[in-house]
Amino acid sequence: MPTPPSASSRHPREVLLGAQAGAVWLPACDHYAGVEARMRKSLALQAEWSARHGTCLFDVTLDCEDGAPVGGEADHAALVVELVRGLDWAAPVPPRVGVRVHPVGHPAFEADVAAIVGAVGARLTHLMIPKVESVADVARAVAAVDAAGAPALPLHVLIESPAAVHRAFDIAAQPRVASLSFGLMDFVSAHGGAIPAAAMTVQGQFEHPLVCRAKLEIASAAHAHGKVPSHCVVTEFRDRDAVRRAAERAAGAFGYTRMWSIHPDQIEPIVAAFRPRPDEVEQAAEIIDRAAAADWAPISHQGHLHDRASFRYFWQVLERAHATGVALPETVRGHFR
């Protein structure tokens with residue numbers, strides 16, 4: 001009978017994550033652009049960053065919902081197709097580009113999907129479906145995408161109302177859903193003035209109880225089903241420090257692992273905020289290196305006992321560091337080659 005491989009000979013992700021190994025991974029920043037000049041600039045910026053860092057640190061989502069002028073939806077969809085086709089798909093780090101289409105109840109939804117997914121669906125990392133209210137909305141989107149010839153294309157959904165928040169766990173459970181995003185402005189507006197406008201500011205969105213509850217429900221639903229919770233925008237887009245503080249709070253207090261950007265100046269502070277600190281990376285590398293040497297049996301490190309439960313956490317620190325462009329210690333770098 002063949003001898004099974006030892007734990008130390010298997011990849012840490014395989015040993016430690018178990019069912020979580022199938023959880024969705026996405027870059028920490030999702031950058032939205034809907035005007036042609038900004039779409040072109042965003043795609044060029046992504047290519048520049050990827051060449052510099054050797055990995056793609058942020059997604060670009062080309063926006064049809066807010067980007068297309070009324071009556072010009074078909075022309076805008078054609079522009080999106082042209083932009084996607086024109087990218088350098090032979091680059092050492094391929095582009096990561098998605099598209100936000102119109103909501104499933106909008107007259108342009110089916111046309112968006114047919115034109116864009118039908119032409120470049122195999123190139124897209126995701127399709128963002130806004131204003132999702134229920135699992136039925138997701139099912140309708142899945143049917144349209146499948147009919148357009150992209151049955152494996154992941155869907156990201158935007159939760160923007162109290163009813164959608166109530167159904168967030170059911171929506172997150174849908175197999176094609178890879179990420180849940182929170183739509184702050186529409187959520188506040190859906191309350192008919194019961195939530196003040198201040199709740200849409202960078203400070204107020206972390207203070208109003210109903211907004212905070214919605215954020216926590218969405219993050220919890222996403223994590224329950226191995227999906228990615230993506231935090232809402234900060235409209236004070238030229239205040240880089242405000243963006244950084246919001247991203248740090250979204251990550252540290254609300255459990256988000258990804259955040260929207262609506263201006264190129266927001267990308268760097270968002271990515272930086274989701275990076276683990278250097279001391280966290282060093283500690284995680286030491287623990288994972290020692291754990292692997294012990295065939296993942298319990299170890300002692302700096303007076304603390306660690307076993308597979310904590311090994312899992314520290315491995316995920318290293319994965320987050322790698323995904324955000326942090327240089328890893330040589331002892332663990334080989335796991336990411």
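Modeller: Across the whole structure, a search finds 22 salt bridges, each being a side-chain nitrogen of Lys or Arg within 4 Å of a carboxyl oxygen of Asp or Glu. Keep in mind that this is a predicted model, where local features need pLDDT of at least 70 and side-chain atom pairs count only at pLDDT 80 or more, while totals for chains, interfaces and linings use all residues. Residues are numbered from 1 along each chain as its sequence is written, and side-chain values use heavy atoms, with hydrogens and water left out.

Side chains of opposite charge can pair when their charged atoms come close. One of these pairs joins Arg 13 to Glu 319, with N to O at 2.6 Å. Arg 13 belongs to helix α1 (residues 12-17) and Glu 319 to helix α13 (residues 308-323), so the bridge links distant parts of the chain, 306 residues apart.

Now for the wider picture. The protein has 14 helices and 10 strands (DSSP runs numbered from the N terminus: H or I of at least four residues for helices, E of at least two for strands). Its radius of gyration is 21 Å, close to the 20 Å that the globule rule gives for 337 residues, so the protein is as compact as a globular protein of that length. That radius is taken over C-alpha atoms, and the rule is 2.2 Å times the number of residues to the power 0.38. The C-alpha atoms fill a box of roughly 65 × 45 × 40 Å along the principal axes.

The protein is divided into domain 1 (29-274) and domain 2 (277-334), with bounds from an automatic or database domain assignment. Their C-alpha centres lie 31 Å apart. Where they meet, 4 residues of domain 1 are in contact with 5 residues of domain 2 (heavy atoms within 4.5 Å). How many salt bridges are there between domain 1 and domain 2? The count is 0. On the side of domain 1 that touches domain 2, there are 3 nonpolar, 1 polar and no charged residues (Asp, Glu, Lys and Arg count as charged; Ala, Val, Leu, Ile, Met, Phe, Trp, Tyr, Cys and Pro as nonpolar; the others, Gly among them, as polar).
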